[in-house]
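The following paragraphs lead the reader through a protein structure, passing from one of its residues to the elements around that residue. Please keep the sequence and the model in view while reading.

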Amino acid sequence: MLDSADFKACQGIAARVVSSGRPVFAHEYADPARLPGGEAGEVSLVLCVPLASGQGVLGALYVDARRPPAGFGRAEQELLEMLGLQAAAALENLLLYRSA
């Protein structure tokens, strides 16, 4: 369960990803110098990708780990990016359907 400080840090990272449209892949999250904004908590690894579509950034897909067994590698980063693209396409289709 996230405490309020970790939850606020997660929101801050996701907000930056949404506003910039760029992913964040951060290791050693407990070291505030390693993350944009200098937020720190008990989370050690963060992957966050934008849900980008033709309509802009619709949101963010966020994954973190407190005690990862082996960490996140390039394969996990690419998988999250792919899932983010698919989720963005599904959200865009839903928005188009609702506006029709």
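In this account, a residue is called buried if its relative accessible area is under 20%, and exposed if that area is over 50%. The model is a predicted one.

Helix α2 comprises 26 residues, 74-99. At 1.5 Å a residue the helix should span 38 Å, and its end C-alpha atoms lie 37 Å apart, which agrees. A88 belongs to a set of buried positions in α2 that also includes Q77, L80, G84 and E92.

What does A88 contact, once its neighbours within four places in sequence are left aside? The partners are L51, A52, S53 and L58. A88 and L58 are separated by 30 residues in sequence, yet their C-alpha atoms are 6.8 Å apart in space.

Beyond its neighbours within four places in sequence, S53 is in contact with L58, A88 and E92. The side chain of S53 also reaches the backbone nitrogen of Q55, at 3.1 Å.

Strand β2 is mostly covered, with 8 of its 9 residues buried. A hairpin of 2 connecting residues leads from β2 to β3. The strands β2 and β3 (residues 56-65) run antiparallel and are joined by 9 bridges. Within this pairing, V49 stands opposite L61 in β3.

In soluble globular proteins, nonpolar side chains tend to be buried together. Here the largest nonpolar core has 7 residues: I13, A14, V17, V24, A26, V46 and C48. Two or more residues of this core come from each of α1 (4-20), β1 (24-27) and β2 (45-53). Helix α1 gives the most, with 3 residues. A second, separate core of 6 residues has L45, L47, V49 and L80 among its members. L80 is also one of the buried residues of α2, and V49 is the residue that stands opposite L61.

Conventions. Residues numbered from 1 in each chain as written. Predicted model: local features only at pLDDT ≥ 70, side-chain atom pairs only at ≥ 80, totals over all residues. Heavy atoms only, no water. Helix = DSSP H or I, 4+ residues; strand = E, 2+ residues; numbered from the N terminus. Expected span 1.5 Å × (residues − 1). Buried < 20%, exposed > 50% of the residue type's maximum accessible area, 1.4 Å probe, protein only. Core = buried A, V, L, I, M, F, W, Y, C linked by side-chain atoms within 4.5 Å. Pairing = 2+ DSSP bridges. Contact = heavy atoms within 4.5 Å. Polar contact = N/O pair within 3.5 Å; in protein donor to acceptor, adjacent residues only side chain to side chain.
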